[in-house]
Amino acid sequence: MQQRYLICTIVLILGAVGLFAQETLSDRKKQATNFYYLNKYQSAQSVLLGIKKSRQEDKETKLLLALCYYHLNQLKEAEPMLKHILETERSPFPETWLYLGKIYHDRHEFNKAIEYYKLYLKAIPNNHANRTTIREDIRRCATGLALQYKTPRAIVENLGNTVNTPYDEFAPIMSPNFTDRIYFSSVRPGNMGGSRNNFGQPDEVMGRFYSDIFTSQVNKGIWTPPQAMHHLLNSPKHEVLHDFSANGKALFYFKGNSYTQGEILIDTFRVGSRTLSSDPFIGPVEATAGLSSAQFIGDTMVIFASQRPGGYGGLDLYKTVWMRGRWSAPVNLGPDINTASDETTPFLSRNGQVLYFSSNRPDQSMGGFDVFRCLLIPQINRWTNADNLGVPVNSAGDDTHFRLSRDGYTAYFASSRKDGLGERDIYAAYFFDYLHEMSAPISAPAPVYVQTSAPPKMPRTNPDGSLAEPNPSEEVVPRGSLNLVPFYFNQDGQWTQGPDAKQLDELVEVLKKNAQLKLVITAASRQEMAVSSRLYGGLKSAENLAQYLIGKGVSPTALQLHSIPPPPDFTSNFKTLTFQLSSLGESALSSKTEPWLSGYTEDSGLVFRIQVGQSTSVLQNPLLSQDRYAMGEKSLSNGTYFYTIGRYNSYTEAKTAFNKLSNQTGFATFELVPFVNGIRLSRETAGSLSKMYPDVLTWLETKN
């Protein structure tokens, strides 16, 4: 969350250092305070921890150390320290209540956060500068309480410590030419120019590194260590990438001594030269970075944030277009988008009809900056009301620089949420359903995508072509009193309500009472994208449902998640989740599903599949697109995604195909895996099934 508070504690510490008889203690506290002012919390913490234990108990030192833990994302350490201060100090500093409120806010424990924010308001004077800010934070907590009941649209994950550091990573931009590569800016040790103070002078002790541009790519599902851009691009100044040209041969980036003052440059790699050429961008876009950015769209439009006169307050979003050989005067996007708060980091979808941006409006955001979404109504040239994307894309921190990938499933953004590794980290959001706004641009008038509440019905026909009467027996499959019907996810990642919610409750009770049962959730959808992305996107939808069941008390070990690509003639835009209630010793019970799924999932019995890879995300393997039985599988125990092909009813048939494939491709990492009733067998669980399925014993005795 943006730090806008006047930290009275620090002032008190500076005023109190003369009260201590021990000069060494005073000097160390003053040094730690200086580090704290410069946001060098790790250095401040190290100095404070170096003070003798007996002298860490004075009032100022305890609070300053607790605040360092907070800013270093070590909330488990900060919380008990702050509570100890409240219990032991007769007159604790008001910031003790403030930061306890911030801790609970960061954890999305909004009611507790409101309680401590109100205690802080009681402890400060009526004319205190923080009162307005804290009242806004209380409103944000109220928004968070409402948003936590909104159905999630995506799964979010940190890109990990290969990409992110304890420092600042932000402004991710996807490569326009390579789907497995991103660029981002980072303030980290080793950057060009070294550590510099606020005057731009080298200062290894009290200085801070400036931001440089880095690139990283996915290799077999793992992000590679970031590589800094060329030394003629990065410099001792701040560099922040804004965007690429339409053909990917030029990049637009910010360069400046601070994030508020600089210039926008155009960089091209000129053929026949070993130097880079950075020319100034001649246009009305303001050169700012940090929490701001610009999007360069098709070389003919730029949307950017500006605080120029005539706006609605704070940062507003503007656009400029290339007309008659020049850039037009900036036009404010109007009150449908902009408010008295800040609007920044815009992203216009590929078809031009959906705008994403971040805003810190207190009546609609749950933390600092949240990501919002607006739809264009072309008939009247207006935007719909902004819709908060909700959890988990948004958090109590600043969530900015949101951009969708062309695959329509993946987005990257920066967030300062407190479960991260540093100040800001790069995160990926994997949406449950394809976002149609990322389809190819279409000519006007562009249709408006309207969320639907339920998938379309697939009518049955008689042999003569007439519509058949509904057959209730085909809607559900009974198992005693339990009925299993498919679930449908729409493009916003929401499943249909009504009987589906009742079915989930029934499944929860059955799984709780029958520890031997497994629930196999199989996702299938047809989207205009690679099979590997379809498999991954399907697993994300299955994960959403799995997390719901786990939240109701179902053990993660009772759930198996599968994803398959349907046959080419399947035309539904909805993702279908089917259920298979299984055990290793009994026949499986599956939900009645559409005809196109027949033969694609295991209803019962033993089958073998060939595992062709595993990763923590999408597996780019051409074999997946060449096999009708390609399948993605998620292990909830370790977070790994497994990818298999083929479906063989006997070990001999499977081994023949396995050997042929290995000889052709040369991959020695392939593995033959048995499934019984849709449940993957391990060598530990397979032994008891050797009498029922002799081929399992053959598999156990043979090294693949």
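**Entry 1: Arg-324**

I began with Arg-324 and found it in the loop between strand E15 (316-323) and strand E16 (326-327). I am reading a predicted model, in which local features need pLDDT of at least 70 and side-chain atom pairs count only at pLDDT 80 or more, while totals for chains, interfaces and linings use all residues. Residues are numbered from 1 along each chain as its sequence is written, and side-chain values use heavy atoms, with hydrogens and water left out.

I looked up the backbone of Arg-324: its phi is positive, about 50°, although the residue is not a glycine. Most residues other than glycine have a negative phi, and most peptide bonds are trans. Is Arg-324 buried or exposed? Arg-324 is exposed, because its relative accessible area is 78% (buried is under 20%, exposed over 50%, partly exposed in between, with a 1.4 Å probe and protein chains only).

Asn-677 sits in the loop between strand E36 (671-676) and strand E37 (679-680). Asn-677 counts as buried, because its relative accessibility is 2%.

Which peptide bond did I list as cis? I listed the one from Val-391 to Pro-392, where omega is near 10°. Pro-392 belongs to the loop between strand E22 (387-388) and strand E23 (399-404).

**Entry 2: confidence**

I checked pLDDT, the predictor's confidence in each residue from 0 to 100. The chain has a mean of 79, and 80% of its residues reach 70 or more. Where in the chain is confidence lowest? Strand E26 (residues 477-479) is lowest, with a mean of 34, and E23 is highest, at 96.

I then took down the stretch 442-481, where pLDDT stays under 50; the model has 65 contacts for these residues beyond four places in sequence (a contact is heavy atoms within 4.5 Å). Residues 592-599 also have a pLDDT below 50, with 20 contacts beyond near neighbours in sequence.

**Entry 3: the whole chain**

I counted 13 helices and 37 strands in the chain. Of its 704 residues, 55% are buried. Among contacts between residues at least 6 apart in sequence, 60% join residues at least 24 apart.

**Entry 4: Ser-186**

I found Ser-186 in strand E3 (residues 181-187). Ser-186 is buried, since its relative accessible area is 0%. Its side chain makes a polar contact with the side chain of Glu-169 at 2.8 Å. A polar contact is a pair of N or O atoms within 3.5 Å; within protein, one must be able to donate a hydrogen and the other to accept it, and residues adjacent in sequence count only if both atoms are side-chain atoms. The Ser-186 side chain also reaches the backbone oxygen of Asp-168 at 3.2 Å. Beyond four places in sequence, Ser-186 is in contact with residues including Asn-191, Tyr-210 and Phe-214.

I looked up the nonpolar cores, sets of buried Ala, Val, Leu, Ile, Met, Phe, Trp, Tyr and Cys residues joined through side-chain atoms within 4.5 Å. The largest has 80 residues, and Leu-519, Ile-610 and Leu-624 have the most contacts inside it. Helix H10 (residues 531-551) supplies the largest share of this core, eight residues. Apart from this core lies another, of 41 residues, among them Leu-25, Tyr-36, Ile-85 and Tyr-120.

Tyr-36 came up again with His-71: their side chains make a polar contact at 3.0 Å. His-71 is in helix H4 (residues 59-71) and is buried, because its relative accessible area is 13%.

**Entry 5: cavities**

How many cavities of 30 Å³ or more does the structure hold? I found three. A cavity is a set of points, on a 1 Å grid over the protein atoms alone, where a 1.4 Å probe fits but cannot get out, and lining residues have an atom within 4 Å of a point. Grid points are joined across faces, edges and corners, and a volume is the space filled by probe spheres set on the points.

The second largest cavity has a volume of about 50 Å³. Its lining includes Asp-407, Tyr-430, Phe-431, Tyr-536 and Val-618. Strand E25 (425-431) and H10 are the elements that give two or more residues to this lining. H10 gives the most, with three.

Conventions. Helix = DSSP H or I, 4+ residues; strand = E, 2+ residues; numbered from the N terminus. 1 Å grid on protein atoms, 1.4 Å probe; cavity = no way out; pocket = protein on both sides within 12 Å on 5 of 7 lines; lining within 4 Å.
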